[in-house]
Amino acid sequence: MFRENVVLEIPEIKIKAPVLEGTDKETLSKATGHFNGTGSAGKGNYCIAGHSSNIYKEYLNNLKNIEIGMKIKLYDTNKNCYIYTVTEKFITEPDETWILNDFEDDRITIITCTDDGTQRQVVVGNKKD
């Protein structure tokens, strides 16, 4: 299952999810999705969205338990592993798209809904060199 796509893994909170291209409803109903136009694995601001609900694939349900300093692993399709360290976690409004911007560093941005679905939980990790 994980051979053809990028894979997101956060071992400390038991998250392991395939990352498909795009963030449309169909993609997010079966996996997490990479925002088109954002960074690539290991380079730039690689932005991922996914559900945390009981309705869809709930790959990111445990994201609310993440802590600053935890490690995020991202495996590209060639099985190269990029390691990021969580540096930020915060809540935004759904229309706050600045989090998808290029910040001229190598980071991962993971976005999911808050428990009530009205806001977005955002986790940022910076790449370890």
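**Rings, a pocket and paired strands**

A search of the whole predicted model turns up 1 aromatic pair.

Reader: Are the rings of Phe90 and Trp98 stacked or edge-to-face?

Author: Let's start with the geometry: the ring centres of Phe90 and Trp98 are 5.9 Å apart, and their planes meet at 5°. Planes under 30 degrees apart count as stacked. The angle of 5° is under that cut-off, so the pair is stacked.

Reader: Is Trp98 buried, partly exposed or exposed?

Author: Good thing to check next! Trp98 has a relative accessible area of 40%. Buried means under 20% and exposed means over 50%, with partly exposed in between. The value of 40% falls in between, so Trp98 is partly exposed.

Reader: Which strand gives the most to the lining of the largest pocket?

Author: The largest pocket holds about 300 Å³ of space. It is lined by 17 residues, and those closest to its centre are Leu28, Phe35, Ala49, Ile111 and Arg120. The lining divides into 8 nonpolar, 6 polar and 3 charged residues. With 3 residues, the strand that gives the most, spanning residues 107–113, is β7.

Reader: How many bridges join β6 and β8?

Author: Strand β6 (residues 81–92) also runs antiparallel to β5 (residues 71–75), joined by 5 bridges, and Leu74 stands opposite Tyr82 there. On the β8 side, Val86 stands opposite Gly125. The pairing of β6 with β8 (residues 120–127) is antiparallel, and its number of bridges is 8.

Reader: Which residue takes a positive phi in the hairpin of β5 and β6?

Author: This hairpin has 5 residues between its strands. The residue with a positive phi, near 70°, is Lys79.

Notes: Residues numbered from 1 in each chain as written. Predicted model: local features only at pLDDT ≥ 70, side-chain atom pairs only at ≥ 80, totals over all residues. Heavy atoms only, no water. Phe/Tyr/Trp six-rings, centres within 6.5 Å; stacked < 30°, edge-to-face > 60°. Buried < 20%, exposed > 50% of the residue type's maximum accessible area, 1.4 Å probe, protein only. 1 Å grid on protein atoms, 1.4 Å probe; cavity = no way out; pocket = protein on both sides within 12 Å on 5 of 7 lines; lining within 4 Å. Points joined across faces, edges and corners; volume = space filled by probe spheres on them. Helix = DSSP H or I, 4+ residues; strand = E, 2+ residues; numbered from the N terminus. Nonpolar A, V, L, I, M, F, W, Y, C, P; charged D, E, K, R; others polar. Pairing = 2+ DSSP bridges.
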